[in-house]
Amino acid sequence: MIILFKIAIIFTFVLFIFPKQFQYYFGLILHLVIISISGIWAVKTLILSSKLTLPFIPFLGNNLSIEIDQLSAFFILVIDFTMLTGIIYAKGYLQPYFHKKNKIEMAWHFFNFLWLHISMLLVVSIRDVLPFLIIWEIMSLSSFFLVIFETEKEETIKIGIKYLIQMHIGVAFLMAAFIYAYVSSGETLNFDGLSVYFASHNPFGLFMLFFIGFGIKAGFIPLHSWLPHAHPAAPSHVSGVMSGVMIKMGIYGILRVLMYIHHDLFNIGLFILIMSLISGLIGVSLAIVQHDVKKLLAYHSIENIGIIGIGIGLGVIGLAKNIPVLAALGFGGGILHILNHSLFKSLLFYTAGSVYKQTHTRNIEQLGGLIKKMPKTALFFLLGAIAISGLPPFNGFISEFLIYSGIFKSLHSAGLFTDIVLMFSFAGLAIIGGLALFCFTKVFSVIFLGTTRSSKVEHATEVNSSMLIPDFIIGFMIIIIGFVPVIFVHPLSQIIGSFFIETTAIHQMISTFNNISLSSGVFIIIIGLLWALRSWQQKRQTIKEDKTWACAYTGANPAVHQYTATSYADNFRQLSSKIVNVKKDFKDFDETEIFPKKRKFETHSSDIFENYLITIPSDRILAFLEKIAVFQTGKIQHYLLYALLFLALIFLLTFLNLI
Amino acid sequence: MISLLLILISSLFFVGIIVKVKAKIAARKMPPVLQPVYDVIRLFKKGAVYSQTTSVIFKIAPLVYFSSVFLAVLFIPIGSNEGLLSFEGDFVFFAYLLGIGKFMTIISAMDTGSGFEGMGANREALYSMLAEPAFFIIAGSMALFTDNISFHDLFLHLKQDADLYYIIGIASTYVLVYIAMVENSRMPIDDPKTHLELTMVHEVMILDNSGFDLGLIHIATWLKFSIYGALISNFIISNSWNLYWQIAVFLGIQFAFSTIVGILESFRARNKIEKNPQWIIMLSAISIVVFLTVLIITQKIILN
């Protein structure tokens with residue numbers, strides 16, 4: 001099977017010789033081959049609860065092998081699922097670009113999509129450091145090329161380069177971390193070598209380096225600033241995949257490193273928890289004030305990375321304080337949330353992409369009333385929105401419930417400080433949940449409900465069925481996890497078992513999960529009964545349609561008077577003005593202005609972390625570098641002079657025995 | 001089963017009593033205590049008018065809202081009587097269940113395309129978000145106190161004879177009374193008897209609902225009051241009492257709760273709208289006091 005896998009990898013290069021109309025299908029076949037091979041490996045690992053080691057390629061004289069343990073297997077399945085839906089969705093989404101782009105450009109796109117898939121699979125299954133970093137680099141590069149698909153837009157290139165630079169800062173931190181670990185422990189360049197370092201040193205410092213390196217990929221605040229730009233710029237299937245799984249590679253890295261740390265865990269857990277709470281709260285706050293639907297979803301990715309991190313952080317604290325319930329349910333909730341987030345976030349990106357495709361705008365203030373034109377897309381978006389808000393009976397609730405259970409069960413046995421930490425984490429989770437509800441009621445209503453806000457919506461129609469297939473598949477998974485969470489108990493206990501955690505707590509959840517399934521079932525049945533009752537009641541009464549009641553004002557027009565996204569978010573904006581930093585662009589009325597002229601009102605939100613950590617420092621550096629540019633006169637005489645001066649300097653220094 | 005019946009019965013009278021108390025204080029003629037029930041029966045016999053702007057969301061939302069509140073009732077124990085559904089962590093499910101109800105009402109209000117309803121919708125979203133931590137911190141304090149995490153066990157193992165319990169009891173009751181007011185959009189968050197839509201929260205969200213749907217929404221409001229009344233009663237009812245005494249006390253507390261709401265609404269002025277968030281966050285602060293008290297009782301914070 002490994003041979004087949006290698007052949008599939010080699011065949012990606014064949015993509016370029018295919019004519020345009022077959023490239024997609026060839027890419028799809030390759031994806032399917034890779035998915036089935038890696039899927040079989042992963043399922044085998046989980047069923048047999050053993051590790052799988054396969055020789056891959058010779059590398060610098062050594063044999064590089066693919067190692068799949070439970071954690072890798074879990075990630076492989078998540079990657080495969082999201083890539084599958086992504087490539088199915090791509091067909092419909094790329095239709096309009098088909099005529100604009102030439103053969104090579106299209107092939108290059110599919111090629112990178114394949115390589116993103118392959119590199120992510122290898123990232124989670126290669127343990128040798130050097131190849132790991134190379135594959136990590138390939139992943140960043142292929143996603144970079146995917147992001148800048150619309151190369152004709154100057155903005156896209158700019159964003160792409162920003163992304164690339166930040167990814168390389170991340171890699172630099174990772175390299176520093178690995179090199180430091182090996183220099184001071186003298187082990188071979190392998191992940192397992194980390195355990196030697198961690199066993200004999202205080203792990204916090206090195207973990208910080210890893211956290212920054214992997215955290216840039218994952219998008220923890222304040223390392224997130226590439227994320228809200230790259231997601232909107234990328235095509236929707238790419239943003240779905242990037243947000244659904246690629247940022248999780250950062251989480252994978254953090255989990256993998258944590259696997260080798262066995263002492264002094266409390267500070268690390270606390271650090272992860274604090275970073276995650278900040279990411280969760282600020283991510284969702286910033287999401288609320290966005291108008292660009294994909295930027296909004298990108299901020300929600302940060303929020304969800306925060307929720308995942310809260311689970312992991314609590315799990316680590318549980319390990320450190322020897323509270324097995326907290327460790328098991330914290331890790332369990334965090335890891336299940338990785339799967340859940342990959343589902344509903346890709347669903348939301350795909351449906352948002354469908355809306356973009358049909359209306360050519362991502363500004364939600366220009367949309368509205370789309371549920372009447374795109375009913376299926378609207379319902380899937382609603383499903384994703386409810387799930388991401390963590391509401392029952394869907395999947396987001398299950399993972400958050402696991403984290404809550406872990407917290408509440410361990411409150412009694414934990415110490416004072418841990419209790420206070422736990423209190424802040426569940427209060428934080430509750431606020432994040434409430435804010436997510438606030439945000440998604442806003443975005444769903446403004447895009448799909450009410451009436452249209454601009455002419456862009458008028459010609460929108462439902463997308464064709466190939467773009468709805470992934471929605472159906474993901475929707476099915478969301479409902480399954482929400483209604484029958486019990487099927488995930490066994491795999492979850494295996495995955496967290498690899499962190500040396502007692503898994504009894506997870507198995508104890510079985511009866512609770514059954515009760516949740518029962519409650520969810522009753523919920524649906526009550527709704528169904530009420531629907532039947534109302535139909536029966538309304539059959540005998542007159543049902544009329546009329547204008548929306550505007551409190552006796554007859555001139556009301558929903559298109560003018562309905563709430564906009566800005567007005568919906570306004571009361572929250574006032575409350576959190578320090579964080580969300582919204583600027584109004586509006587000239588106030590003058591007293592002398594008797595007949596006011598037409599004027600514009602605009603609001604812009606800016607990310608303070610991005611401003612103070614990226615934009616302002618880089619502007620300062622740029623300003624300094626521009627001053628240095630006076631030396632670059634463009635005259636060859638000057639350059640010769642510089643060379644002469646340099647030689648003179650060298651001579652002088654040697655003469656004085658300084659060098 | 002007993003708790004379900006008790007909550008359903010007490011809910012029938014709840015709003016009636018509030019109205020009666022308010023009428024008494026204002027020296028108006030009192031409507032019969034079951035007037036709200038008659039109103040709802042009348043609504044169930046009526047047809048409906050739907051706005052042309054609305055979609056299927058508007059039709060399904062009242063049903064989801066009602067179902068979520070009704071299902072939430074099934075979780076509530078009274079004294080030693082278990083709720084119909086009870087499992088570990090059910091209060092998390094309870095809180096999020098009310099959340100899905102809210103989600104649907106909010107988007108159904110936005111569905112009408114009315115500026116007024118949008119106003120109510122975003123206020124409801126903000127206020128319920130702000131009230132959420134208070135409920136969780138109260139529940140968390142009790143989980144810490146009793147080492148149990150289902151509603152039934154929380155209240156069953158509540159050691160009411162512990163030192164400083166009175167702080168927990170009083171503070172929790174205070175917080176729960178006001179969470180009930182926030183959830184139901186009553187005074188001091190919102191004035192249900194006002195005639196100015198611009199200052200409403202819940203009432204303005206359901207402007208376009210009529211007939212059967214409106215009836216369901218009204219019943220859900222009663223149930224919500226009754227749920228919080230039942231939660232409050234659990235802080236007072238001791239499970240060592242016999243069943244009849246428990247039932248009597250429960251009904252007494254529900255009566256007292258509705259009377260208090262009536263009195264509050266008669267004498268208190270509504271908060272300034274922009275002061276509301278601050279006021280709701282205060283509830284979380286008080287619930288942190290409960291948490292700290294529990295830390296002292298469980299001897300994690302050692303005084304002296």
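**Exercise 1. Find where Asp147(B) sits, and decide whether Asp147(B) is buried, partly exposed or exposed.**

*Solution.* Start with the location: Asp147(B) belongs to the loop that runs between α5 and α6 (151-156) of chain B. Keep in mind that this is a predicted model. Next, count neighbours: Asp147(B) has 17 C-beta neighbours inside 10 Å. Being buried takes 20 or more, and being exposed takes 12 or fewer. Asp147(B) therefore counts as partly exposed. Finally, look at the backbone: Asp147(B) is not a glycine, yet its phi is positive, about 60 degrees.

**Exercise 2. Repeat the analysis for Asn322(A): which loop holds it, and is it buried or exposed?**

*Solution.* Asn322(A) is in the loop between α13 (293-320) and α14 (324-359) of chain A. Asn322(A) has 9 C-beta neighbours inside 10 Å, so it counts as exposed. Its phi is positive too, about 60 degrees, although Asn322(A) is not a glycine. To put this in context, most residues other than glycine have a negative phi.

**Exercise 3. Locate two cis peptide bonds in chain A.**

*Solution.* One joins Ile221(A) to Pro222(A), with omega near 5 degrees. Pro222(A) lies in the loop between α8 (203-218) and α9 (227-233) of chain A. Another joins Pro392(A) and Pro393(A), with omega about 5 degrees. Here the loop holding Pro393(A) runs between α15 (375-388) and α16 (395-410) of chain A. As background, most peptide bonds are trans.

**Exercise 4. Describe how chain B meets chain A.**

*Solution.* Begin with the count: 65 residues of chain B contact 68 residues of chain A. Then ask which elements of chain B contribute: β1 (48-51), α3 (56-73), α4 (90-111), α5 (115-146), α9 (211-236) and α11 (276-297) each supply at least two residues of the side touching chain A. The largest share, 18 residues, comes from α5(B). By type, the residues on this side of chain B are 39 nonpolar, 17 polar and nine charged. Strands also bridge the two chains: β3 (residues 543-546) of chain A pairs with β1(B) in the parallel sense over four bridges. Within β1(B), Ala48(B) is the bridge partner of Ile543(A).

**Exercise 5. Which residues of helix α22 of chain A are buried, and how are they arranged around the helix?**

*Solution.* In α22 (residues 565-575), the buried residues are Ala565(A), Tyr568(A), Ala569(A), Phe572(A) and Arg573(A). Viewed down the axis of α22(A), these buried residues fall within an arc of 135 degrees, so they line one face of the helix. The general rule is that an α-helix has 3.6 residues a turn, so residues three or four places apart point the same way. What does this face meet? The buried residues of α22(A) pack against α12 (265-288), α17, α23 (577-580) and β4 (582-585) of chain A, as well as α5 of chain B.

Conventions. Residues are numbered from 1 along each chain as its sequence is written. Chains are lettered from A and ligands numbered from 1 in the order in which they are written. This is a predicted model: local features need pLDDT of at least 70, side-chain atom pairs count only at pLDDT 80 or more; totals for chains, interfaces and linings use all residues. Two residues are in contact if their C-beta atoms, placed from the backbone, lie within 7 Å. Ala, Val, Leu, Ile, Met, Phe, Trp, Tyr, Cys and Pro count as nonpolar, Asp, Glu, Lys and Arg as charged, and the others, Gly among them, as polar. Two strands pair if DSSP finds at least two bridges between them. The arc is that of the directions from the helix axis to the C-beta atoms.
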